[in-house]
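Have the viewer open while you read.

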Amino acid sequence: MNEKMTNSQLTAEEMKDLQNAITTELERKPPTIALIGVSGVGKSSTINTLFKTNFATSDTVACTKEFQSKDVLLKFTEGQTKDLSTKFRVIDAPGLGEDITHDPDYLSMYRNHLPQCDVILWILAAKNRAVALDQTYLKELKQFHKKIIFGLNQVDLIEPMNWNSKINLPSEEQIENMNIIVKDRRQKFQDIIGDDIKLIPYSAKMRYNLQELFTSIIISCPSERAWIFQSLKNFRYDDFIPAKIHNIIMDRKENLSSPSIKSNNSFISNLKTSIKNFKIFLNNLFSSNKQ
Amino acid sequence: MVEELTGQEIGRVLDELEKADEYAQKGALFSFDGLITFLSGIGLAAIAEKLKEYFKDGIVILIEFLKVIVGVA
């Protein structure tokens with residue numbers, strides 16, 4: 001086994017310590033995300049879009065009567081890690097307000113299960129104006145407010161429903177309405193929480209604004225756990241661009257000479273250098289592991 | 001059709017792309033700081049320092065590195 005790992009100067013022993021530390025942490029507490037929201041808001045499809053998983057989508061009739069903890073297999077689909085896989089845990093909560101007779105039991109279940117989660121993704125549907133149930137539950141779950149981020153899904157269905165499919169972005173009219181909805185929902189939930197909230201408009205179906213949603217998930221995790229979630233990322237931040245215009249957009253991006261793009265070029269240049277070093281690093285890692 | 005893209009539409013995609021890029025870097029940097037905190041907290045501060053040095057110019061590459069570790073764990 002090589003004593004030194006290229007310029008990083010991580011010894012083989014340190015590499016082993018690092019891997020053990022990460023493996024132990026993953027076994028001790030797998031990355032866990034809770035999904036909350038009324039039926040039909042797209043909880044499963046959100047997970048599937050962010051992580052390219054096959055988390056079961058809900059049936060026509062909601063059937064989750066208890067918290068369900070499911071380990072989801074994630075297979076990386078791109079880059080150096082393509083075909084490697086890992087697991088994370090999704091806690092699927094019963095739909096809010098499905099049956100008023102069960103509500104006291106549900107609240108008790110929420111209180112028992114939510115402490116295990118690193119982050120709670122509370123999903124709303126953009127077209128659903130009725131948020132009284134969400135507000136009621138939120139009020140009862142005060143101790144978890146800091147772990148919660150709100151996702152406003154299905155923004156592609158916002159009136160006048162004229163999504164710009166050429167560039168796969170909302171129309172100007174939809175953006176205007178989206179901003180009104182975001183402001184309204186934010187106010188309604190901030191009044192309950194008594195503080196600023198993170199509410200991210202997105203569309204799982206159209207892959208719109210996934211990166212902002214994902215970064216919000218990361219930043220809502222306890223800092224010492226955020227890297228675990230970051231390592232589960234399984235989409236590209238430019239996934240929203242339709243394939244047939246991808247080259248045109250990237251060419252235009254390269255040709256732009258605005259300061260922000262220049263600064264990005266500098267970042268990319270540094271990245272390329274690091275990629276080269278990283279490949280050497282990986283080769284050494286795998287060759288030393290085989291010995 | 002591709003040829004029907006207007007300058008405004010291309011501009012909108014570029015703006016969206018730039019915003020997404022900024023969020024991607026923000027998330028990666030937050031995670032990196034968290035990893036350093038985690039490693040330091042379990043007595044692996046020396047390894048954390050070496051990772052900081054090695055990945056100082058390529059935070060996104062660190063994330064690929066983590067995927068390897070997590071993926072084989």
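1. Ground rules. This is a predicted model, where local features need pLDDT of at least 70, side-chain atom pairs count only at pLDDT 80 or more, and totals for chains, interfaces and linings use all residues. Residues are numbered from 1 along each chain as its sequence is written, while chains are lettered from A and ligands numbered from 1 in the order in which they are written.

2. The sheet in chain A. Look for six strands forming an open sheet in the order S4-S5-S3-S6-S7-S8 of chain A, with mixed pairing. Strands here are DSSP runs (E, at least two residues), and helices are too (H or I, at least four), all numbered from the N terminus. Two strands pair if DSSP finds at least two bridges between them. Which strands stand at the edges? They are S4 (68-75) and S8 (199-201) of chain A; each has a single partner strand, so one side of each has no neighbour in the sheet. From one strand to the next, the twist averages 30 degrees.

3. Strand S3 of chain A. Is S3(A), residues 32-36, mostly covered or mostly open? Mostly covered: five of its five residues are buried. Buried means that 20 or more other C-beta atoms lie within 10 Å of the residue's own, exposed means 12 or fewer, and partly exposed is in between, with C-beta atoms placed from the backbone. In a regular strand the side chains alternate between the two faces of the sheet. In S3(A), Thr32(A), Ala34(A) and Ile36(A) are buried on one side, and Ile33(A) and Leu35(A) are buried on the other.

4. Neighbours of S3(A). S3(A) runs parallel to S5(A), joined by four bridges, and four bridges also join S3(A) to S6(A), again in parallel. Ala34(A) is a handy landmark: its bridge partner in S5(A) is Ile91(A), and it stands opposite Ile120(A) in S6(A).

5. Further along the sheet. S6 (residues 119-125) and S7 (residues 148-153) of chain A pair in the parallel sense over six bridges. Ala125(A) stands opposite Asn153(A) in S7(A). Helix H5 (residues 172-193) of chain A packs on the sheet, touching S6, S7 and S8 of chain A, and its direction makes about 160 degrees with that of S8(A). Angles run from 0 to 180 degrees between N-to-C directions, and axes are lines fitted to C-alpha atoms, for helices over the stretch in contact.

6. The core. A nonpolar core is a set of buried Ala, Val, Leu, Ile, Met, Phe, Trp, Tyr and Cys residues joined through C-beta atoms within 7 Å. The largest one has 84 residues, and Ala34(A), Ile120(A), Leu121(A) and Leu152(A) have the most contacts inside it. Which element gives the most to this core? H1(B), with 10 residues. Leaving out residues up to four places away in sequence, Leu152(A) touches several others, including Leu124(A), Ile181(A) and Leu199(A). Contact means that the C-beta atoms of two residues, placed from the backbone, lie within 7 Å.

7. Chain B. There are three helices and zero strands in chain B. Of its 73 residues, 42% count as buried. Compare two residues. Gly43(B) lies in the loop between H1 (7-41) and H2 (45-54) of chain B, and it is exposed because 10 other C-beta atoms are within 10 Å. Tyr23(B) lies in helix H1 of chain B and counts as buried, because it has 22 C-beta neighbours inside 10 Å. Setting aside neighbours within four places in sequence, Tyr23(B) is in contact with Gln211(A), Glu212(A) and Thr215(A).

8. Where the chains meet. The contact takes 55 residues from chain A and 47 residues from chain B. On the chain A side, H9(A) gives the most, with nine residues. By class, that side has 24 nonpolar, 20 polar and 11 charged residues. Ala, Val, Leu, Ile, Met, Phe, Trp, Tyr, Cys and Pro count as nonpolar, Asp, Glu, Lys and Arg as charged, and the others, Gly among them, as polar.

9. One helix pair to find. The axes of H8(A) and H1(B) come within 10 Å and cross at roughly 75 degrees. The two helices are therefore roughly perpendicular to each other; that label covers 65 to 115 degrees, with under 35 roughly parallel, over 145 roughly antiparallel and the rest oblique. Ile249(A), Arg252(A) and Lys253(A) of H8(A) meet Ile10(B), Val13(B), Leu14(B) and Leu17(B) of H1(B).
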